[in-house]
Amino acid sequence: FLSPQVDSTNAGRVLASDAAVFLKKSGLTDLILGKIWDLADTDGKGILNKQEFFVALRLVACAQNGLDVSLSSLNLPVPPPRFTDTSSPLLLSGTVSSDVPWAVKLEDKAKYDAIFDSLNPVNGLLSGDKVKPVLLNSKLPVDILGRVWELSDIDHDGMLDRDEFAVAMFLVYCALEKEPVPMSLPAALVPPSKRKPISVPGAMPLIPSSTKESHQSLPPVGILAAKTPLTQ
């Protein structure tokens, strides 16, 4: 039931070390994967049997589709989990095609760019210290804002460029309109400037159309940054 990639000893069970390498290909954060492992490894032995491994896969699928990582989510209908691995035809690769339209619309991007410029970027980048007050001003829960930052810092350099900042703002407005913030970045939200012809971890289908429709009228430019003191 397990491929040699995760069951290296062919013993019908998965060691934590093997599972970690495999589950990493889901594109989910270490925090989420740790929670998934804790829920799946019911006896805490650091080894998953067949049933426990299937629970882990199911939880990965839940996380990739924006559902809570909890045992109560196991009965909810979700698509199969997605993993990226160019070496295996058995795994589903999520590629972001350059012709997939970016979920951030041009008119919204202009508004996000105005906020970006108002925060005095250095060399086209904003540090976490500059972005943090803007995020906090949205009054969203800290754990949601943490996920927004993690998803928008696509190259993991601790800074946001113009396109990454637009992703962050898009996710913030999603959350403000009660749309769930996904656990991994949907394919349509990856900025064209960040897309590569290779597989991208955690690729997901387009955000539901209801989300796109609800973003036609945004609050005035700078509403999130209004209370942020600017230092010239």
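α6 passes α7 in a right-handed crossing, where right-handed means that the near helix is turned clockwise from the far one by less than a right angle, and left-handed means anticlockwise. The contact is made by I144, V148, L151 and S152 on the α6 side and by E164, V167, A168, L171, V172 and A175 on the α7 side, with contact meaning heavy atoms within 4.5 Å. Sort those residues by type and you get eight nonpolar, one polar and one charged. Here Ala, Val, Leu, Ile, Met, Phe, Trp, Tyr, Cys and Pro count as nonpolar, Asp, Glu, Lys and Arg as charged, and the others, Gly among them, as polar.

A word on the model: it is predicted, so local features need pLDDT of at least 70 and side-chain atom pairs count only at pLDDT 80 or more, while totals for chains, interfaces and linings use all residues. Residues are numbered from 1 along each chain as its sequence is written, and side-chain values use heavy atoms, with hydrogens and water left out.

Two packed helices are described by the angle between their axes and the distance between the axes. The axes are lines fitted to C-alpha atoms, for helices over the stretch in contact, and angles run from 0 to 180 degrees between N-to-C directions. Helices are DSSP runs (H or I, at least four residues), numbered from the N terminus.

| Helix pair | Angle | Axis distance |
|---|---|---|
| α6 and α7 (residues 162–176) | about 150° | 8 Å |
| α5 (residues 128–136) and α6 (residues 142–152) | roughly 135° | within 11 Å |
| α1 (residues 16–24) and α2 | about 130° | 11 Å |

With α6 and α7 packing at about 150°, that makes α6 roughly antiparallel to α7. Angles under 35 degrees count as roughly parallel, over 145 as roughly antiparallel, 65 to 115 as roughly perpendicular and the rest as oblique.

α5 and α6 are oblique to each other, and their crossing is right-handed. G128, V131, L135 and L136 of α5 make the contact with L145, V148 and W149 of α6; six of these residues are nonpolar, one is polar and none is charged.

α1 and α2 are oblique too, again in a right-handed crossing. A16, A19, L23 and K24 of α1 meet D30, L33 and W37 of α2, giving five nonpolar, no polar and two charged residues.

Definitions and conventions. Helix = DSSP H or I, 4+ residues; strand = E, 2+ residues; numbered from the N terminus.
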